[in-house]
Amino acid sequence: MLKLNNVEMIYNKVILVLKGVSLEVPEGGIVALLGANGAGKTTTLKCISGLEHAEEGEVTRGQILFEGQRIEQMDPTEIVRLGVVQVVEGRKVLEHLTVEQNLLVGSHLRKDMDAVKRDIDLVYHYCPALKKLRNNTSGYLSGGEQQMLVVGRALMARPKLMILDEPSLGLSPLLVKEIFEVLKELNEKEKITMLLVEQNVKIALSIAQHAYIMENGRIVLDGTAEELLQNEDIKEFYLGLNLSGGRRSYRNVKHYKRRKRWL
C-alpha cells in the first residue's frame, strides 16, 4: 500500500535529515518504525502525510508511493483525500471544543452526514469512555482520553492508512495497553493499515508484523516482529538487556557503539 524508495529530505535547503530511506507497508498490515530520539522517525511520517512542507522541509530525492501513486509533492489535504491520515505526536486535541465536536472535525472532508453519524457511533464502540464524555470540553480530558480522542478523530476521516506518532508518549502502562488493544482491533476488524512510530519497542512489536530500525536518518535493520524480538542488538540497545539477559543501565543502553554488520 505504501512504499518509500530511497527518500532524502532536507529542512531549510541545508539540513539533510533523511538519507535514503526505503520501507514498505503492506495492505492490511501493521508496520513499526523504531529508533531513538532524533533518528528521523517523525520526519519520515511528515514526508508521507505532506506536513513537512509547513516546516520548510522538502523531499529532494526518491519516491513516496501510496497505492502506486506518487504523493511526495502533494498537498496534505490531497493526501488525506487519498486515505492517508496521521495522528501527530502530543495529543493535539482542539481543547475548546467538546469530544464530539473534535470527532466531527475529523470528518470535515466528507459530505455524507448519515455515514458520519454511523462512524461517530463506531468510534464510541471502540472507545466507550468517549461516549460518556461526548459533551465534555476536550481540554479537560486526561492524557489517555485525549489520545483515544485523536485516534477516534483520525478514524472519522475513513483512513485506508493510519500513521501514528508515539501514541504511548506520557501515558501509564495500563493506558498504553488499552490504546494498543484498540489499534489492534481497528486493524483486524476495520482492516485499517497502520504505520506506527514508537519508542516503546516491546509494545510496538506486540501488534506489528514487521518493523524497521532507524538511526541518523537511515534504516539500519528490518525484519519481522518475532525476528527483532530475538535479535541481540534489539535486546541490548532498545529493551535494555545484555547478552546474558540481564538489564543494563540506561546510560550504557543509550550510548552504544553500532555493530559492524549494521553498517
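Guide: Lys 189 counts as exposed, with a relative accessibility of 52%; exposed denotes over 50% relative accessible area, buried under 20%, and partly exposed the range in between, with a 1.4 Å probe and protein chains only. This is a predicted model, in which local features need pLDDT of at least 70 and side-chain atom pairs count only at pLDDT 80 or more, while totals for chains, interfaces and linings use all residues. Residues are numbered from 1 along each chain as its sequence is written, and side-chain values use heavy atoms, with hydrogens and water left out.

Lys 189 belongs to helix H7, which covers residues 173-190. Helices (H or I, at least four residues) and strands (E, at least two) are DSSP runs numbered from the N terminus. Between Lys 189 and Phe 66 the C-alpha separation is 22 Å, across 123 residues of sequence.

A lysine in another setting is Lys 46, which is buried at 18% relative accessible area. Lys 46 pairs with Glu 55 in a salt bridge whose closest N and O atoms are 2.7 Å apart; the term requires a side-chain nitrogen of Lys or Arg within 4 Å of a carboxyl oxygen of Asp or Glu. Glu 55 is partly exposed, at 37%. Helix H1 (residues 41-49) has 8 of its 9 residues buried, so this helix is largely enclosed by the rest of the structure. The buried residues of H1 include Lys 41, Leu 45, Lys 46 and Ile 48. Just after H1, Gly 50 adopts a positive phi of about 85 degrees.

Through shared partners, the salt bridges join Arg 110, Asp 119 and Arg 158 into one network.

In the structure as a whole, a search finds 9 salt bridges. The protein carries 36 positive and 34 negative side chains, and the centres of the two sets are 4 Å apart. Lys and Arg count as positive and Asp and Glu as negative, without His and the chain ends; each charge is placed at NZ of Lys, CZ of Arg, CG of Asp or CD of Glu.

The fold that holds these side chains comprises 11 helices and 10 strands. Its radius of gyration is 19 Å, close to the 18 Å that the globule rule gives for 263 residues, so the protein is as compact as a globular protein of that length. That radius is taken over C-alpha atoms, and the rule is 2.2 Å times the number of residues to the power 0.38. Buried residues account for 49% of the 263 residues.
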